[in-house]
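Please examine the sequence and the three-dimensional model shown below.

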Amino acid sequence: MDRTFQVDLRGVVDLLSHHLYGSPRVYVRELLQNAVDAITARRATEPDAPARVRIEPPALTGDGTLRVHDTGIGLTEAQVHELLATIGRSSKRDELGFSRHEFLGQFGIGLLSCFLVADEIRVVTRHADQPTVFWTGWSDGRYAVELAGPGQARPEPGTTVTLVPRRDADQWFDVPTVTELARLYGALLPVDVRVGDTATTAGPPPWPTTPGAPVDRAALHSYAQQVLGFVPFDVVPLAVPEAGLTGVAFILPSPVNPAARAGHRVYLKRMLLTEHADGLLPDWAFFALCVVDASELRPTASREALYEDTLLTATRDALGDQVRGWLVRLAKHDPRRLAEFLQVHHLGVKALALHDDEMLRLVEQWWPMDTNVGTLTLAEFRQRHGLIRYAASLDEFRQLAAVAAAQDLAVVNGGYTYDTELIERLPTVDRSVLIERLEPSDLTTRFDGLDPQTELALRPFLTGAQRALERLGCEVVVRAYDPVSLPALYLVSRSAAFHDQLAASRDKADELWGGVLDALATSTPPDRPQLVLNHRNPLVRRVTTLADPELAGLAVEALYGQALLLGHHPIRAADAALLNSSFLGLLGRAVPGQESGRE
């Protein structure tokens with residue numbers, strides 16, 4: 001035996017009115033949508049019919065209610081039953097002519113939003129030469145319909161909706177709030193909307209509503225400042241005819257978090273849908289905020305967001321292409337302006353370039369990077385030097401840049417945020433790109449060796465120098481290299497740096513993890529760090545000829561400390577102790593004499 005569902009009408013009303021919408025303020029939007037739809041329907045057959053909506057808050061009606069009057073088509077008694085008393089039935093609405101795409105919403109569902117702020121809704125409506133109909137609905141699910149009696153008829157077609165406020169909703173009915181909401185949602189509507197005597201419509205959109213029309217940038221800058229609270233970096237006109245969409249993308253004037261979703265302002269047939277739409281632009285276009293009006297995009301049931309469908313996907317791709325086209329035009333015709341844009345949004349652009357090939361190509365072509373041969377883009381660096389040789393950290397670059405330049409090695413500083421990752425990703429989108437991470441050992445192969453006679457003469461000095469630094473695990477070598485002004489260079493291979501990190505972690509780990517780290521350390525014997533003394537430096541040559549082994553040892557220790565400091569290497573406790581002892585030792589040798597005490 002078939003049975004029908006038992007529906008708690010009061011529960012359905014509560015669900016739709018309190019849980020479908022995000023805020024009680026949408027009741028003004030829904031009332032405006034109903035009024036504009038009714039006016040649109042009437043003007044389809046009466047083009048010269050008036051297009052007016054009047055809102056009277058309780059302070060103006062004097063009886064504690066809010067009333068909304070429109071000059072629309074009105075409803076017959078049958079339409080009142082179908083549209084205001086039937087929830088979820090769309091077929092009859094289609095038959096009655098209220099489903100065409102030029103209409104903003106659905107009268108019955110939208111009216112339920114008024115139960116967010118009202119316990120009772122009254123509708124007085126008249127369609128052409130039909131009788132005036134009175135409909136009253138209550139928040140508990142009841143409603144009543146009756147025809148106007150003698151002397152009760154509405155004098156002209158249209159509808160008046162009256163709300164009896166809930167006791168806890170008074171703040172939504174005061175005149176400033178109603179005026180602000182009417183202006184927020186209906187500022188661009190093509191009808192005359194007033195709260196009392198105050199006009200809340202501002203005319204057509206400030207952006208071109210036909211593709212290719214001239215752009216009034218001054219007006220758009222003023223609009224952005226007044227409505228959005230900022231003066232944009234630039235304005236990009238937008239148009240997607242398939243979606244009936246026109247509008248603009250305002251390029252943000254200050255840095256933003258690329259992970260934060262931009263809240264785009266979307267109008268649907270010139271009625272504000274939402275101030276916080278996401279998904280309108282591709283994720284990479286985080287630096288733009290759109291204000292658009294569309295006629296074909298579908299809203300969600302609450303009409304507070306866009307419905308994700310194939311048309312929205314195609315629109316998102318088209319808008320992304322238009323924003324990308326703005327970047328390309330900027331790069332081609334105004335590189336200075338593009339540089340200003342990248343100065344503002346470079347971190348976000350680089351973050352997205354890790355995943356977006358187009359953004360990566362943009363960064364390669366236009367973002368200036370720090371190198372030891374000047375500031376260059378990666379494209380310029382590649383054109384001049386072929387191979388992109390890079391230092392993966394800021395410290396590595398500081399340690400090696402000057403010496404590499406003296407050896408005719410051009411090096412890119414990959415130590416800033418995302419730079420190394422971007423360089424290493426370039427060959428994945430362009431196989432012709434050659435990259436190589438600079439190793440300290442790469443420099444030593446470029447240094448000049450000493451002639452055999454000089455090496456033989458230096459053996460006693462090297463033996464003493466090695467003895468002075470043995471406890472620090474450092475190997476001392478002598479080479480000839482530029483610049484001459486640099487007496488010593490401390491070089492640490494990546495394997496040695498990894499070993500140092502393992503040792504530091506081992507000191508802090510418990511017994512279990514300590515054993516694992518010991519095994520790793522044993523399996524990866526490191527290259528020893530090198531202190532490379534520069535035989536071309538006059539001071540180093542004088543140190544190598546010192547006859548006093550103690551003084552020579554102090555001098556080598558001092559050169560070791562200076563190399564650490566100049567190379568921005570981390571200073572361990574043993575290094576700090578050596579710096580202190582070598583300084584005091586050299587100072588003691590520089591100030592000879594016996595210490596005298598007091599009697």
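E340 counts as partly exposed, because its relative accessibility is 28%; here buried means under 20% relative accessible area, exposed means over 50%, and partly exposed lies in between, with a 1.4 Å probe and protein chains only. The side chain of E340 meets that of R337 in a salt bridge, with 3.0 Å from N to O. A salt bridge is defined as a side-chain nitrogen of Lys or Arg within 4 Å of a carboxyl oxygen of Asp or Glu. Both E340 and R337 belong to helix α10, where they stand 3 residues apart, about one turn of the helix. Helices (H or I, at least four residues) and strands (E, at least two) are DSSP runs, numbered from the N terminus.

Some conventions apply throughout. The model is predicted, so that local features need pLDDT of at least 70 and side-chain atom pairs count only at pLDDT 80 or more, whereas totals for chains, interfaces and linings use all residues. Residues are numbered from 1 along each chain as its sequence is written, and side-chain values use heavy atoms, with hydrogens and water left out.

Side chains of opposite charge can pair when their charged atoms come close. The structure holds 32 salt bridges. One of them joins the side chains of R54 and D192, at 3.2 Å from N to O. This pair links distant parts of the chain, since R54 lies in strand β1 (residues 52-56) and D192 in strand β7 (residues 192-195), 138 residues apart. R54 is partly exposed, with a relative accessible area of 25%, and D192 is likewise partly exposed at 24%.

A further salt bridge is formed by the side chains of R217 and D234, again with 3.2 Å from N to O. R217 is in helix α8 and D234 in strand β9, 17 residues apart. How does the exposure of these two partners read, buried or partly exposed? R217 is partly exposed, with a relative accessible area of 38%, while D234 is buried, with 15%.

The aromatic rings provide another set of contacts. A pair of aromatic rings is described by the distance of the centres and the angle of the planes. Rings of Phe, Tyr and Trp (its six-membered ring) pair if their centres lie within 6.5 Å; planes under 30 degrees apart count as stacked, over 60 as edge-to-face, and the rest as tilted. By this rule there are 12 aromatic pairs. F233 and F341 form a tilted pair, 6.1 Å centre to centre with 55 degrees between the planes. F233 counts as buried because its relative accessibility is 12%, and F341 counts as buried at 0%. F286 and F287 form an edge-to-face pair, 5.3 Å centre to centre with 80 degrees between the planes, and both are buried.

Of its 599 residues, 45% count as buried. Among contacts (heavy atoms within 4.5 Å) between residues at least 6 apart in sequence, 66% join residues at least 24 apart.
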